[in-house]
Amino acid sequence: MHCALYSAGTCRSCQWLEQPYPQQLGEKQHHLQSLLVDRDVAQWLEPVTGEQSAFRNKAKMVVSGSVERPLLGMLHRDGTPVDLCDCPLYPASFAPIFAVLKDFIPRAGLTPYNVARKRGELKYLLLTESTFSGGLMLRFVLRSDSKLAQLRAALPWLQEQLPQLKVISANIQPVHMAIMEGEHEIPLTEQQALEERFNQVPLYIRPQSFFQTNPQVASQLYATARDWVRALGIASMWDLFCGVGGFGLHCAQPQTRLTGIEISAEAIACAKQSAQTLGLQQVDFQALDSTRFATAEGEVPELVLVNPPRRGIGNELCDYLNRMAPRYILYSSCNALSMAKDLAMLPDYRVERVQLFDMFPHTAHYEVLTLLIRK
């Protein structure tokens, strides 16, 4: 992938860009294998890859510059802005959208937030595209609600220019810190969920719910989990840290008793909408802390699927899984280092198979799926 921003030295987010892609993939696989060198892995599967450019469905743009000439991109540590509208990780459809948004900012009078002066209103623009429909979700991250009336008044022009905008909201983030968003979300359109589909499974993205940024590889990750789980012939499962329900909804069959747990109420609302669309009757999604739920629950499912944040599942949940002893654990990880630490605390399980999913080409990051079977 060629990137003019990287060549100019203005953006080095893709740290591995100068390495040939097969070398990148080899280094990731070697890193994963080195983390599990003390475990007897029955089967190593080939890494799953996707496109090396234009694969992102989401743009998180810092808004800087002036209200008359806004810049969309990022800030270096010294405060120097970089416009990332031409980033080759974004699909071609994003460039004309960014151009319209740059025209909209002065029209709405949304002064970009100045970090050094702690002044201004518009901090970020968060744009998500559905690969299923081409529909867009746009979130304005503002310092306060003082410009909401101006924003609402200008929206009809924006919606006329971008009819694919289906979900629009404003997020209020008043803290002077590098925090992407605040807790308060204000809907600006009646529709507040963007539909996506992976492998014929409907998934919904709401403003404050997490969703994978590489749809092509994510769909393969969910499909792989589905195939592994269905081959086990289980009747009951938990999906912990379930997000919008992608894993559980892929793995569950009509007769499967599925319980999905996620701390985010927004994500659970999405998961429930998907389950209703699919007509699944034996599904229960709840907005709870996954560890607290698991350790308080008396019933033992046949399979526990965990998809934790980068910190992993931790000592408490590992201890409980050892005691409750489900026959299978399916572990999806975005941080193989924390996963390896967790697996070391699950000595009663053997590693049946491991597969790497390269969600983030040109960086050291990757995701991994691991199936554990009770010894």
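Started with Asp-83, which is partly exposed because its relative accessible area is 23%. My cut-offs: buried is under 20% relative accessible area, exposed is over 50%, and partly exposed is in between (1.4 Å probe, protein chains only).

Before going on, I noted that this is a predicted model, where local features need pLDDT of at least 70, side-chain atom pairs count only at pLDDT 80 or more, and totals for chains, interfaces and linings use all residues. Residues are numbered from 1 along each chain as its sequence is written, and side-chain values use heavy atoms, with hydrogens and water left out.

**Salt bridges**

I found 10 salt bridges in the structure, taking one as a side-chain nitrogen of Lys or Arg within 4 Å of a carboxyl oxygen of Asp or Glu. Asp-83 pairs with Lys-102, with 2.8 Å between the closest N and O atoms. Lys-102 sits in helix 3 (residues 94-108) and Asp-83 in strand 4 (residues 81-83), 19 residues apart. For both element types I use DSSP runs numbered from the N terminus: helices are H or I with at least four residues, strands are E with at least two.

Next I looked up Arg-139, whose closest N–O approach to Glu-181 is 3.1 Å. Arg-139 is in strand 6 (residues 136-142), while Glu-181 is in the loop between strand 7 and strand 8, 42 residues apart. Arg-139 is buried at 5% relative accessible area, whereas Glu-181 is partly exposed at 29%.

I also checked Asp-348 and Arg-374, a salt bridge with closest N and O atoms 3.6 Å apart. Asp-348 lies in the loop between helix 10 (336-344) and strand 16, and Arg-374 lies in strand 17, so the pair ties together parts that are 26 residues apart in sequence.

**The sheet**

Which strands make up the open sheet, and in what order? I read 8 strands in the order 1-16-17-15-14-11-12-13, with mixed pairing; two strands pair if DSSP finds at least two bridges between them. Strand 1 (41-44) and strand 13 (283-287) are at the edges with a single partner strand each, so one side of each has no neighbour in the sheet.

I then followed strand 16 (residues 349-357), which runs antiparallel to strand 17 (residues 367-374) and is joined to it by 8 bridges. Arg-353 has Leu-371 in strand 17 as its bridge partner.

**Helix 9**

Last, I listed the buried residues of helix 9 (residues 314-324), among them Leu-317, Tyr-320 and Met-324.
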